[in-house]
Amino acid sequence: MKKILLLTLTFSIIFAKIIIVNKNNYNKCDIYSSYIHFSTIKEALSFAKNNDTIKICEGNYEEDNLKINHYNLKIEGIGDVLITNKNLNTKHNIFSICSYSNLTLSNLKIEQYSNNNSIICSNKNIRIINLKNLSMKSKGYGLYLKNNYGWGNINIENLEISSTYDAIHINSARNLNIYHSNIKADTNAINLNHIHHIYIYNNIIKSQQNALFINKSLGYIKIYKNEITANNTNIYLNTLSFSTKIYENNISNGKYGIELYTYSIGTNIIKNNILKDNNYGLKILSKGWWSGYTNVTNNCFYNKNNILNHNYVAFFTKNYYNDLNNKLIYTIPDIPKYDKNPLPYCPLNQNPSPINNTQFYVKEISRTDNNITTKIVNKNFSLEIYTNQPFKGTVCSTVIDKNGNTLSDWKKNYFNSQLSTSQTLQGNPNYKISSANKDARIKITWVENQNRNCPITNPNNSITSKDNFAIRPKKFEITNYPDKILASEEFNFIVKALDNENHITNNYNASSNIILEANQKDDCLIGTINKNINIINGIDNNAIANYSEVGEINITIKENKNNPFAYVDLDDTLENELLIEPSTISLTSYPYQIISDTNISNKIVYNDKNLSTHYAEINSSIYSLNKDGGITQNFDNQCFGYDINLSYIVKNNSNEHFKGMFDINHYEFNDSKFETLDENLTLSKYSFQNGKSTIKIKFNIYKNKRYPVSIVDLNFSKLITYDTKTSKQYNEPLNKTISFYYLSVLAPLIYANEKTTSDKIYILVYDKNKNHFKDEKLLNWFINTNYKENDIKLLGYTLNKKYDFNISNFNINLTKNDYYYKIEINNQKKYRTVFIHLNTPNYLWTSKYFDLNISENSYCNTHYCSEYHLKYKPGSIGVRSGNFQGSQINTSQQNNQNGIKVYR
């Protein structure tokens, strides 16, 4: 079984954010109103962290000394953005790269007005930099990266730059790509040292000194389709290379067209170039180490001196030389021999025009920028392709992944008449992708003046879209889930990511960026949901989750909007198009367990006719718990609750039969049979609050004054709680025994031979089994040595009517001792007979015929009395049962009445 994993993500992804710089409240930035805003770029950089994107809205920003020490930072312009230090008193580099790597700058215009500074400068070993769609002007350097050994990739695209010093100056890099750019400088346009692999394609490069200066570089060098003009050397190469290829360039107006000092392991190829108006067209001075050689073929030379060669392994074949016939200024040394197969005419355009910078662009049909928004798997989408130059020919396009693999069929557009400048292709290509992809682009290839099938073999040109985009599943779906779960207990389900045709989406993998969210109605507390979801190729057949609370819940699976599958489109796609559609299911979460916690007070209880004074009290707290032992606070009447069944299991260890009385949560059941306690009690849902309820039971044995009951020992063995919804039972062991006593009073018959005397009034307990007490006063009646209460009071006394009775001359003192009452009599007048009436509560009254009556005119057969006789003989005895004379309590009347036999 899978373990439950809390949702965890790395900080760099969780907290990646978009930061807006909007100095002038540019309205096209309104779509970013919910993001963090600053008015200066410097403030935004101070706030930014790794992986953030800073979007600068249209306006002029007079700032410099912008320090970048972030990893994977993107800085993008929206509209016309100008960053300049022109009016600043103290000027610095515009951007200073302090540390880290992977910086992207795009869609900005930058002007630097200090001779000693640069637009972008770094002295650190930083690995990646991407420059796109920038216009740069500097009185100092443009891009100046020195002492940067260890740089990885430098990509420069669509850069327009002019500078007083070197426009691009780079010391050490592994891969350098410069394409579709216009580069001008008063010194060196491009100055490269220790670069491993170089690709310079389709640029205009102009310089007052050296246009392209490459020194001490090792690796592969390709200089292709550039227009290069310089006052000194157009292309200078002093390298130890695996291969150098110089193809299809227009090279003019320099002291040297190409100056080659290459020590080559592989082959150097100089082919299809036009070298014109140079003092020397081609100068080769290398000795050709190892197995390398230089092949010069199919070039056109229009120079004062076409060739200056000192290389033993340089081979010339099928080139055109403008002075071959008249021998005027053609100079070739003896090594090697003259070109054996010179061309009689230039196969290339003899009057070459500037490099054709025809470019194709791709964008959403409804957008004005070149951004492409998120797409859905197996859903057709169209894009708009347009050009910046007049064009006639074939255009092919397809969708590719970041590795260049095609994801869709090639789409063809052929134009047999000239397509005007900035005109959109007729018939926007329509694509449909069958699998998910996080980083897709549009690849466009074209060939001029030809009607070709797609894909084009050896096209004139090809580009990929500047913006990348994601192709996501359409929606999530949850299936095979239970309709009933237990709080905090794991449950299984299936998660699918479906495409536009409701098929499982291939190549969609997700885990940490998936959110499982629970919602309940307003009166309910939202619990904690944990998940373990790992979608591979669009499905997780064994997704696991648990939820800590109870109730009717809706569980939704959705993407983390800060780290979606379409993360590359965070900056250009609305949220409802960016995110995979969520899926919601409804189910019911029940308590994992209903448990009880019981406290039982009292060990001894006196039988009573009601529960107002004597009772065994059972207090039980009932809890609704989840599997982790936490209280599910939603279990109540407001959110989600239901009645719970309880059973108290009680064992009667005696042979007595009796009736019990209950008061359950203040609702009294009188004269209920004892067996009721062993049946189900219903605890109402209304008694629960925040997952907890209490049940309070008062219990006693009904006292029938006519029929004594021996001591009853009841063992409360356990409490059973039963949940009818989940069929789960909880047994709480109690193991508490309570003894129930049937009580009576033994009031003495007192004989005295002195004016002062005393005796004892006992509380008796009925125990016919004779196994609890030792001192038996009457048959089966024992002195209750456990008696602690102080209930017996003096009600009054009456004198035999034969004598006058004066209370002041006859005094009685009644005191409670440990388990009996002491009665002390002081008889000043020496009254011979006095009836002493006792006031006792109902639970002490025992009589086979009469109910307790302690009213003023009641008799001694309806309440307890002691009889006092003054005798002139020692000792006194007590009457236990038999005939006696009682009298009314009314002491104002001097009369006695006969009593009858009672149990006392």
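**Surface patch and a loop serine in a predicted model**

Visitor: Which strands each supply at least two residues of the nonpolar patch?
Guide: This is a predicted model. The patch lies on the surface and consists of Leu218, Tyr220, Leu240 and Phe242. At least two of its residues come from each of two strands: β16 (212-224) and β18 (233-247).

Visitor: How much accessible area do Leu218, Tyr220, Leu240 and Phe242 have together?
Guide: These four residues form a nonpolar patch on the surface. Their accessible area together is about 340 Å².

Visitor: Is Leu218 buried, partly exposed or exposed?
Guide: Leu218 sits in strand β16. Buried needs under 20% relative accessible area, and exposed needs over 50%. Leu218 has 36% relative accessibility, so it counts as partly exposed.

Visitor: Is Ser488 buried or exposed?
Guide: Ser488 lies in the loop between β41 (484-486) and β42 (491-498). The cut-off for buried is under 20% relative accessible area. Ser488 has 6% relative accessibility, so it counts as buried.

Visitor: Which residue has its side chain joined to that of Ser488 by a polar contact?
Guide: Leaving aside neighbours within four places in sequence, Ser488 is in contact with Asn546, Tyr547, Ser548, Asn626, Lys627 and Asp628. A polar contact of 3.5 Å joins the Ser488 side chain to that of Asn626.

Visitor: What percentage of contacts between residues at least 6 apart in sequence join residues at least 24 apart?
Guide: The protein chain holds three helices and 69 strands. Of its 904 residues, 53% are buried. Among contacts between residues at least 6 apart, the share joining residues at least 24 apart is 63%.

Methods: Residues are numbered from 1 along each chain as its sequence is written. This is a predicted model: local features need pLDDT of at least 70, side-chain atom pairs count only at pLDDT 80 or more; totals for chains, interfaces and linings use all residues. Side-chain values use heavy atoms; hydrogens and water are left out. Patches are made of residues with over 30% relative accessible area and no salt bridge: like charges are joined within 9 Å, nonpolar side chains (Val, Leu, Ile, Met, Phe, Trp, Tyr) within 5 Å. Accessible areas come from the Shrake-Rupley method with a 1.4 Å probe; for residues, only the protein chains shown count as cover. A salt bridge is a side-chain nitrogen of Lys or Arg within 4 Å of a carboxyl oxygen of Asp or Glu. Helices (H or I, at least four residues) and strands (E, at least two) are DSSP runs, numbered from the N terminus. Buried means under 20% relative accessible area, exposed over 50%, partly exposed in between (1.4 Å probe, protein chains only). Contact means heavy atoms within 4.5 Å. A polar contact is a pair of N or O atoms within 3.5 Å; within protein, one must be able to donate a hydrogen and the other to accept it, and residues adjacent in sequence count only if both atoms are side-chain atoms.
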